[in-house]
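Here are my notes for your first reading of this structure. Please keep the view open beside you while you go through the numbered points.

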Amino acid sequence: MKNSIKIFSPATVANVACGYDVLGFCIDSIGDEMCVFKTEEKGIRITKIEGCELPYSAEENVTGVSALAMYNALNPDCGFNIEIYKKIKPGSGIGSSAASAVGSVFAMNELLGQPYSKIDLLGFALKGEAIASKSEHADNVAPALFGGFTLVKSISPLQILEIPTPTDLYVTIIHPQIEIKTSESRAILPDNVPLEKAIQQWANVGSLIHALHTSDYDLIKESLTDHIIEPYRSQLIPHFNEVKSEVLRSGALGCSISGSGPSIFALSKGKETALMVESAMRQVYINTKIDFQTYVSKINTEGVKIIK
Ligand code: HSE
């Protein structure tokens, strides 16, 4: 059995417009890397962090909290040193905390000969996600672990449905370099939702799931509308409405906020359209003083993986 491992823990898009807290998908082109080493000394230690300022204490670090949840449940006869190479900026809305939470438990599970299933790992990863966003939502951790599109059927007990990915589906993302904390972006949401809006929303979730199963791109397009969350959160994102209308004009199937923002995502049929959408997004932000980063990616159907 190996004593060290290097893994890639991918970025993810949660909510997917209509599926607040239940839908998500996994990206290919950006993710964190981690090296995890089995040690004789017991316990979990974070020994290196590159890419951003995060606490080294395992109890205060998302990666460490999920690792400790698994470690304490199993109590193995060894310990682990973890090196984190953070590529996804915290507060970007593309699942930074989920990638941190998933990476450590996946790597440790591999080094221990896979004592746990993916659904078990999800339970541990949720503990890490919860300290970052102050809620145990699984719509980033599930696609990071399973890959592709996932639906969180239930948090307690944990139940995840893996949804098929149409082969020509691409995502384009713009990440304006401002930070929006998930906890704050959750706090501005209303406690109650008008029934009329709820009906529109669950019709969209149902039809999006059907469209993904049947690779019906027209129906994907008709389903990618968020009647409930986007009107509140879009106010936190500069130029959101402009980006959205330019992106839809460029041929995207739909466009909305990625997770809790500020990143904005668009789904397209085919890479060519996804690249045109990228250039439309850039065009809006190039004229502002806000730095930004864009990504074009096929949907990653594999999820977290070993790279060495
Ligand atoms: N579903 C969560 C939210 C995802 O929108 O708050 C956070 O990335």
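1. Ala-125 is buried, with a relative accessible area of 0%, where buried means under 20% relative accessible area, exposed means over 50%, and partly exposed lies in between (1.4 Å probe, protein chains only). This is a predicted model, in which local features need pLDDT of at least 70 and side-chain atom pairs count only at pLDDT 80 or more, while totals for chains, interfaces and linings use all residues. Residues are numbered from 1 along each chain as its sequence is written, and side-chain values use heavy atoms, with hydrogens and water left out.

2. Ala-125 is found in helix α3, which covers residues 118–133; helices (H or I, at least four residues) and strands (E, at least two) are DSSP runs, numbered from the N terminus. Leaving aside neighbours within four places in sequence, Ala-125 is in contact (heavy atoms within 4.5 Å) with Ser-66, Ala-101, Val-102, Val-105 and Val-141. The C-alpha atoms of Ala-125 and Ala-98 are separated by 7.4 Å, although these residues are 27 residues apart along the chain.

3. Ser-97 lies in helix α2, residues 96–111, and its side chain makes a polar contact with the side chain of Glu-129 at 2.5 Å. A polar contact is a pair of N or O atoms within 3.5 Å; within protein, one must be able to donate a hydrogen and the other to accept it, and residues adjacent in sequence count only if both atoms are side-chain atoms. Not counting residues up to four places away in sequence, Ser-97 touches Val-62, Glu-129 and Ala-132.

4. Where does Asn-300 sit? Asn-300 is placed in the loop between β10 (292–298) and β11 (305–306), and this loop residue is buried, with a relative accessible area of 4%. The side chain of Asn-300 reaches the backbone nitrogen of Gly-303 at 3.0 Å. Leaving aside neighbours within four places in sequence, the contacts of Asn-300 include Phe-8, Pro-10, Cys-26 and Gly-147.

5. Turning to the whole protein, there are ten helices and eleven strands, and 58% of the 308 residues count as buried. Among the contacts with a separation of 6 or more, 74% are accounted for by residues 24 or more positions apart. The C-alpha atoms fill a box of roughly 60 × 40 × 35 Å, taken along the principal axes.
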